[in-house]
Amino acid sequence: MKQCRRIRLVLGGLLLCAPLALQVAAQQAPAQGQPPAPSPQSPARPASPQSPTPQPPAQPNAPTPQQNPPAQRPPNPFENVPAPAPAQPPAAQPPQGAPGQPPQLEAPPPTPGVAPNPSQPGGQVIEAIEFRGARRVPQDTLRALIFSRVGDIYNQDTIGRDITALWNSGRFDDIRVETEPGKTGVVVTFVVEERRVIRSIDYPGLKSATVSDVLDRFKERRVGLTVESQYDPNKVQRAAVVLKELLAERGRQYATVTPEVKQIPPSSLAVSFVVNEGPKVKVGTITITGNKAFSQREVIRAMKNSHPIGIPYSIVLEDLFAKTYDADKLEEDKEFVRSAYQDKGYFTAKVLDAMVTIHRTGGTGWRLPLIKPNNAGLHADITLPVEEGRLYKLGKMNFVGVKLFRAPQTLAGALFKMQPGDIFSTAKFRDGLKNMRDLYGQFGYMDFVPEPSFDFPGGDQIDVTITADEGKQFFVRRIEFSGNTTTRDKVIRREILLDEGDMFNSKLWEISLLRLNQLGYFEPLKKEDAADIRPNRQTGTVDITLKVKERGKNTIGLNGGVSGIAGTFIGANYSTNNFLGLGETLSLESQIGTTLRSASFGFTEPYLFDKPIQTGFRVYVQKYTFNEAQQASILAGVNLIPLYNQLGSQNLLNYSQDSYGFSVSSSYQLKRSFARVGISFGYDISSVKTLTTASTDYFQYIDFSGVNGPNSLSGIRTVHVTPSYSYNTTNSPMNPTSGKSLFFSVDAAASVLGGNVNTLKPAFDLKFYKPSPFNKKHTLAFHLMGDIETGYGGKEIPPFSRRFIGGEFDIRGFEDWGVTPIGFIPSSASVSVLNADGSARTQQTVVGGVVSSSAVTMQIPTYQLITPGGDATAVGNFEYRIPIVGPVTAALFFDAGDNRILRLSQLEVVPERIQQLNAQFPTANFSNKVYIAPGTQALRTSTGLEIQVVLPVVKAPFRVYFAYNPTTVREYLQPPIVADRSMFPNQATFNNAVASYGEAYPFFEKRDLFRFTVGRTF
């Protein structure tokens, strides 16, 4: 059977191959020299009936005898296999339907004027591709977009794809194709009409919002309509809708926005959104219904978007200005009210749909500007129904899946601030979940997820079950840094409290970022984007790449001023807080002026021997010139120099003080904290050069050092040691927005160390910053500082150690060093003796054998005005800082300060001087106490507005501020009059003495001040 089957298969194969053999023999029969017949499967591509190129009617081809196969030849089953085209086109084709041959496709005749390509019989070659109507898009760009290329066979399908590609580019409004015969083929021309470009966009009639606000909203909503963009009517309509929504948020619920398009030849447009804002809708009366647990006022306070603007919780001034009505924000307020109820324990509270009634108000009746303007407008009265439900208390708190802690119930009170039986507060519960995540993060559980569920067992109880997915504990594998082109890696690494191999601690990582921000080397590092943290959950490790952006390390400052009273000065300073990228600080400072000349050089090494030991030194030299007439003019606010010159130059308290010295400091950072303990050593040598007789008496007779004579004027050596403690958690050294800073020190100067000054001066400085509760971008800043100084061991406070306050670094509304106690000390003066008629009395004297006439003078007891400075100061500052744009910040401020003498016993006249004066003027009855002018130790306050600009190069805040001083000293300071009428020969001389030395001194501090300066108050 198998053999029969094989025989049948062989016979069947022979029968199938026999026709093929006959066909091959017939094709080899023609004589040599005759061209081979073309393959029936290689005809020219037929012309598309949609081709725009005109085609003449096809002509029948006459068959040749060589192409006619034998009539008896059966069809070849393999004729469908494509055969290569012949080298030359045949002269004729056999007619279709010839017996014994399959049907042939008719090739189109060549287009007139287009020579056929010998390699493509009957086809049309694209000779050139051109574009007409494209002005803004280059021809090469358009050719790159299409599929057709020069030399390709013209194909209508490919042309269709080209049109689609050009249209999808979004550059054209219309596209059509034209063809024309060329020299060797067909020329294809794409005629395009470019989409028009928007040249300008304006908003006539828009008043409630700025163009910047509109563009920001377009960007937020991704409208895509900008100048120089292509015109799209859909985008224009979308922009009109978004603009109308913006106006609705500004209270313009009935505003209309009409887009208008104007043609700008040749192919540009000007788009205008004509705005008719209509009346502004304000929130009118808000009525809460269904509230029983809370009053209307308490519920309305929760509606942050709709409740009136006023002074919170002031009852009377709480509702001053109505807010604009916005339906979307009203929906947010409903959620705020529901959250407020849930925070108080009403877990199932509901806020139903609000009913809004809009009505016209104002325009009629009486009006009072600012108080009751009574302008016409629209008000939206809101009625908000609530369903409070019952008050719930915490029942049980269960923890499922907690493996890290053996008794998690013990943490519930610390984390959630609630115990069973307490009112259930959703606010405390949210904070508790956050605290729980933070606690797990400190143990390396980065993927910890708590899932709460609530059960109501009955009554007013809520049982809470927290299902914890702790995840895996992670350890630090690698810490890398990027962006630090100048700062060395070790400078950054020593501020990070995590080491490679340690368990990842989210709390320590946050503290590390805070420590880096305190350096001021980099732009502020934020927790969410400061680092790329890549956990590997298979190995339980994490790789950290800290991304920093360095700030300019150099700070350059210039200051100067010209005043007819205070003279002139110019100053400059330079500092770098990251010298050579090692974190070292180098500073230079100098000032040259009429009153003060100084220069200093300092250097600080933050990590000595790679230990957290900060060391530094400062060398300085200074010369201070005091002019009593100039100082009195500054205090009084008027030029009193001519008046003081009338008293005589020797009667003025004029002197100069030269000092130079150095200081060395060191501090140690307590481990893993923001606290530092430090100590500094300073050596200063000062000397006073008196310029008048009055100043000589002042320094010699005031018991400053407890040693009479030259030690009060020259060779004043101060050797002091200052231990200190500081704690700083502020997030930036230049512009802090959160944290606190505390500094406390005790400056002790002792003669046992080699000086001749014994003083003790404790001081403190406290700063506190926090985000405003009204706006998280605003900052509340507080500052309080104070100090007190006293002498000991029989020595008093030297004159240069006493404190003067006032100016932009403590109380901004007052002149620099203008706040000081003013006193009077016993003294004597010379006055001219007058005749009874007021003429000068003269006498004949013999000088060098020559008789001459000279004025008659006499000594009288007087009190000399002095500005000694205080021994105790206290200054408080408050600022509400509002970021405006970029580096510009506005600050509302209030400053208060007091400078007074608490230990008057430290400011006394030496007994010898008092005895001398009382012996000379027995009726004067002088005391060794200094008489302090009443009112000069009063508290000063100042308030105003400050604009701060931090320039990127200088890195110091330039500021302009206007200050108004609510409390000032504005009075005449009357010195005590001890001269008696009986001491003078006549009334005229007595009146002259009183006029010269008994006149009251004008002391009128300014009520306001406008100033430009560099630096910060705190």
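The model is predicted, so local features need pLDDT of at least 70 and side-chain atom pairs count only at pLDDT 80 or more, while totals for chains, interfaces and linings use all residues. Residues are numbered from 1 along each chain as its sequence is written, and side-chain values use heavy atoms, with hydrogens and water left out. The protein chain holds 16 helices and 40 strands (DSSP runs numbered from the N terminus: H or I of at least four residues for helices, E of at least two for strands).

**Whole chain**
- Of the 1018 residues in the protein chain, 40% are buried (under 20% relative accessible area; exposed is over 50% and partly exposed lies in between, with a 1.4 Å probe and protein chains only).
- Contacts (heavy atoms within 4.5 Å) between residues at least 6 apart in sequence join residues at least 24 apart in 66% of cases.

**Second largest pocket**
- The second largest pocket has a volume of about 1000 Å³, taken as the space filled by probe spheres set on grid points joined across faces, edges and corners.
- A pocket is an open set of points on a 1 Å grid over the protein atoms alone, where a 1.4 Å probe fits, with protein on both sides within 12 Å along at least five of seven lines; lining residues have an atom within 4 Å of a point.
- Its lining has 29 residues, and Ile300, Arg301, Ala302, Lys304 and His307 lie nearest the centre.
- β7 (281–289), α6 (296–302) and α7 (327–343) each give at least two residues to this lining.

**Helix α11**
- Helix α11 (residues 506–519) has 14 residues and should span 20 Å at 1.5 Å a residue; its end C-alpha atoms are 21 Å apart, which agrees.
- The expected span is 1.5 Å times one less than the number of residues.
- In α11, 10 of the 14 residues are buried, among them Trp509, Arg515 and Asn517.
- The buried residues of α11 pack against elements including α9 (426–441), β22 (655–669) and β24 (716–728).

**Loop residues with positive phi**
- Most residues other than glycine have a negative phi.
- Arg222 has a phi near 55° and sits in the loop between α4 (211–221) and α5 (233–249).
- Arg222 counts as exposed because its relative accessibility is 75%.
- Phe609, also not a glycine, has a positive phi of about 55° and lies in the loop between β20 (596–605) and β21 (613–626).
- Phe609 is exposed, at 68% relative accessible area.
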